[in-house]
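This report describes a predicted model of a single protein chain.

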Amino acid sequence: RSSDLFHSKIDSAFRKAMEAKICPVVSDSISKKLQPLLQTLPVTVKLDHIAGIDYSLVGPPGVTAQSVDVELKGEFFDLSHRAKVPFPPPALAFPVDNNLMVYFGVSEYLFNTARSDEH
């Protein structure tokens, strides 16, 4: 039907125009307002009398038309003597499918830092 074709073309053009206007504003707001706010939040938690966990940002939030990505460290540490972890965290790959509101990933890095802390 011609009305469906017209509607889809208008909808597509309108969506592209809105994304072109809104995405830069959202991205700018996140980098100028949200990131500084996130940097003021506590990023370590004492788990018990021996260990804590560091969940600080590892980089600025990433913004796309579909998502806001926030990468957190996720590293156990010994409260009595915090030392640099002797191995780097791996890069995490998430599904390309972005139909869900939240994706949460945990790598072996978290568990390896817990084991590294025992020594």
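F111 is placed in helix α2. With a relative accessibility of 53%, F111 counts as exposed, because the cut-off for that class is over 50%.

**Overall layout**

The chain contains 2 helices and 5 strands. Along the sequence these elements follow the pattern α-β-β-β-β-β-α. Of the 119 residues, 14% count as buried.

**Strand pairing**

Strands β1 and β2 run antiparallel and are joined by 3 bridges. Together β1 and β2 form a hairpin, with 4 residues between them. Within this pairing, K46 has G52 of β2 as its bridge partner. Strand β2 also runs antiparallel to β5, and 4 bridges join β2 to β5. Here G52 stands opposite F77 in β5.

Which residues of β2 are buried on each of its two sides? In a regular strand the side chains alternate between the two faces of the sheet. In β2, which spans residues 51-54, A51 and I53 are buried on one side, and G52 and D54 are buried on the other. Both faces of β2 are therefore covered, given that buried means under 20% relative accessible area.

**Aromatic rings**

A search of the whole structure finds 1 aromatic pair. The pair consists of F87 and Y109, whose ring centres are 5.8 Å apart. The ring planes of F87 and Y109 stand at 80°, so the pair is classed as edge-to-face. F87 lies in the loop between β5 (75-78) and α2, whereas Y109 belongs to helix α2, so the contact ties together parts that are 22 residues apart in sequence.

The two partners fall into separate accessibility classes. F87 is partly exposed, at a relative accessible area of 27%. Y109, at 6% relative accessibility, counts as buried. F87 can also be related to T113: their C-alpha atoms are 8.9 Å apart in space, and the residues are 26 apart in sequence.

A charged side chain is also placed against a ring. R82 lies over the face of F77, at 4.0 Å from the ring centre.

The largest pocket holds about 1100 Å³ of space. It is lined by 31 residues, and those closest to its centre are V70, E71, L92, F94 and G105. Strand β4 (68-69) and helix α2 (108-118) each supply at least two residues of this lining. By residue type, the lining of the largest pocket divides into 21 nonpolar, 6 polar and 4 charged residues.

One of the residues closest to the centre of the largest pocket is E71. E71 is located in the loop between β4 and β5. Its relative accessible area is 54%, so E71 is exposed. The C-alpha atom of E71 is separated by 9.9 Å from that of F104, 33 residues apart along the chain.

The second largest pocket has a volume of about 180 Å³. Its lining consists of L38, Q39, L41, P42, V43, Y55, S56, L57, V70 and L72. These residues divide into 8 nonpolar, 2 polar and no charged. V70 is named in this lining and is also among the residues closest to the centre of the largest pocket.

P42, one of the residues that line the second largest pocket, is placed in the loop between α1 (2-40) and β1 (44-46). P42 is exposed, with a relative accessible area of 58%. S56 is also part of the lining of the second largest pocket. The C-alpha atoms of P42 and S56 are separated by 8.2 Å, and the residues are 14 apart along the chain.

**C-alpha separations**

The table collects the residue pairs for which C-alpha separations were given above.

| Pair | Separation in sequence | C-alpha separation |
|---|---|---|
| P42 and S56 | 14 residues | 8.2 Å |
| E71 and F104 | 33 residues | 9.9 Å |
| F87 and T113 | 26 residues | 8.9 Å |

Key:
Residues numbered from 1 in each chain as written. Predicted model: local features only at pLDDT ≥ 70, side-chain atom pairs only at ≥ 80, totals over all residues. Heavy atoms only, no water. Buried < 20%, exposed > 50% of the residue type's maximum accessible area, 1.4 Å probe, protein only. 1 Å grid on protein atoms, 1.4 Å probe; cavity = no way out; pocket = protein on both sides within 12 Å on 5 of 7 lines; lining within 4 Å. Points joined across faces, edges and corners; volume = space filled by probe spheres on them. Nonpolar A, V, L, I, M, F, W, Y, C, P; charged D, E, K, R; others polar. Phe/Tyr/Trp six-rings, centres within 6.5 Å; stacked < 30°, edge-to-face > 60°. Lys NZ or Arg CZ within 6 Å of the ring centre and 35° of its normal. Pairing = 2+ DSSP bridges.
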